[in-house]
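Dear colleague,

Please find below the structure I am handing over to you. My findings follow directly after it.

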Amino acid sequence: MHREIAPGVYYVGVDDHHTHLFEGLWELPFGVSYNSYLVVDEKVALVECVKGAWDDEWLDNIREVVDPAEIDYIVLNHMEPDHTGALPRIAEIARDATLVYTPRAAPMQRAFYDVGLKERTVDDLEEISLGSKTLRFIHAQFLHWPETMFTYLVEDGVLFTCDAFGAFGALNGRLFDDEADLERVEAESRRYVSAIITSYLKFVQRGIKKVQDLGIDIRVIAPSHGPVYRKDPMWIVKKYLEWSSPELEKRVVIAYGSMYGFTQRTAMLLKRELEALGVSVTAHNLSYSEPSHVITDAVRAGVLVLGTPTYDAFPFPKVWAFANEIVGKRFPKRPIGLFGTYGWGGGGVKKLRKQLEDARYEILEPVVRVHGRLTDEEIGACRQLAREIAARLR
Ligand SMILES: Cc1cc2nc3c(=O)[nH]c(=O)nc-3n(C[C@H](O)[C@H](O)[C@H](O)COP(=O)(O)O)c2cc1C
Ligand SMILES: [Fe+2]
Ligand SMILES: [Fe+2]
């Protein structure tokens, strides 16, 4: 199915209700969409492809609007295969088309697909005329990869932003912001940006500022996942600004693992102690909370606390993996509290501490180590840690 989003501009994307984990990592309880657009003028431009396995449905959508063999430009804002997997398929049909992307995308295209079409690499703010319509390319580095750009359709004020302003969740025919369930869109776009773009939050702020400074008239924001914003395009821009803000919130997230309850009891004690001091706290058992939800909750929390049992002399695997997310996704710096339980030699908390300190996170004192059941002394250490956390949030 296709739909017109502006005069001569058509949505031809697809819904994915089959993939369980986006990037093999993040759950998709409501699916996801791969958006693709056609701009039909004297020349025909296709903006983005879709993930490989969806090429048949996508080609059917394109054929409702134009003969795909007559596509003149294939604009690739971003080379990630959720937007380019179907490129080889369309390249077999649109043999005369020209690929349009940034200079940094060119070697990726050759490495990933090498479809052998003509190519045109575009500099920042370069334009291509389609006849009565003009495409202007705005480099948008690290949104979400180094080669990424936005495409701006000048005459219609449509900004194609690829991953930026995207959301998880299939569209199910509710393409526009004024048709979508905005509460769900808000939750799923926040989870999307937290899971996918947390390493590049600075670039979200930079990209938005760049577009604002250009002073262009934006009537429609057309991302490549989730709804198209025509009623209130600034709604999603404001949300993204907030979610990528370097300012942290005055609250605590405790993320812990536990097999038999000793670590969980310590986590709950710490939570109660913090609440008694008037601190707002959420706690996640990492065996049951899918990581994208925990990342979303944790990325802007003023203090993070990790709790782990020692597991074969290492941190509990789920806690170890979450510490990797903090470091790998370059969570903005903030103090981190640590506690752990052990049965004999311990070592879990020590390895967590080293990893986080190597990545230059400050570890709060005391680090609480509990040998099985909490003793009065260990309860005292938890209280002390709670007071330290509360003081840091003040
Ligand atoms: C599979 C497994 C491996 C463990 N490995 C260690 C270890 O290497 N060193 C240690 O001191 N304790 C080890 N323990 C003991 C736990 O760290 C200890 O019982 C802890 O308090 C369990 O916390 P939990 O009840 O929150 O799961 C291990 C326990 C299990 C079940
Ligand atoms: Fe991406
Ligand atoms: Fe994407």
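Asp-163 bridges two metals in this predicted model: the iron ion (ligand 2) and the iron ion (ligand 3) lie 3.5 Å apart. Glu-80 sits in the loop between β9 (73–75) and α2 (81–84), and Asp-163 in the loop between β15 (158–162) and α5 (182–197), so this pair ties together parts that are 83 residues apart in sequence. Glu-80 counts as buried, because its relative accessibility of 11% is under the 20% cut-off. Asp-163 is buried as well, at 0% relative accessibility.

The protein donors of the iron ion (ligand 2) are His-78 through NE2, Glu-80 through OE, His-144 through ND1 and Asp-163 through OD, at 1.9 to 2.4 Å from the metal. The site of the iron ion (ligand 2) is irregular, with angles of 84 to 167 degrees among the four donor atoms.

I turn next to ligand 1. Of the 17 residues around ligand 1, those that come nearest are Ser-258, Met-259, Thr-263, Thr-310 and Ala-313. A polar side-chain atom of Ser-258 lies 2.6 Å from an oxygen atom of ligand 1. Backbone N or O atoms also approach oxygen atoms of the ligand: one of Thr-310 at 2.6 Å, and one of Trp-344 at 2.9 Å. Taken alone, ligand 1 exposes 640 Å², of which the protein buries 85%. Two or more residues of the shell come from each of α8 (262–276), β19 (301–311) and β21 (336–342), and β19 gives the largest share, three residues. By type, the shell around ligand 1 divides into eight nonpolar residues, eight polar and one charged.

Some backbone features may also concern you. Asp-312 and Ala-313 are both placed in the loop between β19 and β20 (314–315). Phi is positive in each, near 50 degrees for Asp-312 and near 70 degrees for Ala-313, and neither residue is glycine. Asp-312 counts as exposed, at 64% relative accessibility, whereas Ala-313 is partly exposed, at 37%. Finally, the peptide bond from Glu-365 to Pro-366 is cis, with omega near -5 degrees. Pro-366 is found in the loop between α11 (348–358) and β22 (368–371).

With kind regards

Technical notes: Residues numbered from 1 in each chain as written. Chains lettered and ligands numbered in written order. Predicted model: local features only at pLDDT ≥ 70, side-chain atom pairs only at ≥ 80, totals over all residues. Heavy atoms only, no water. Donors = N, O, S within 2.8 Å, 3.2 Å for Na, K, Ca; no water. Tetrahedral: all angles 85-135°; square planar, octahedral: opposite > 155°, others 65-115°. Helix = DSSP H or I, 4+ residues; strand = E, 2+ residues; numbered from the N terminus. Buried < 20%, exposed > 50% of the residue type's maximum accessible area, 1.4 Å probe, protein only. Near = heavy atom within 4 Å. Polar contact = N/O pair within 3.5 Å; in protein donor to acceptor, adjacent residues only side chain to side chain. Areas by Shrake-Rupley, 256 points an atom, 1.4 Å probe, with all protein chains shown as cover. Nonpolar A, V, L, I, M, F, W, Y, C, P; charged D, E, K, R; others polar.
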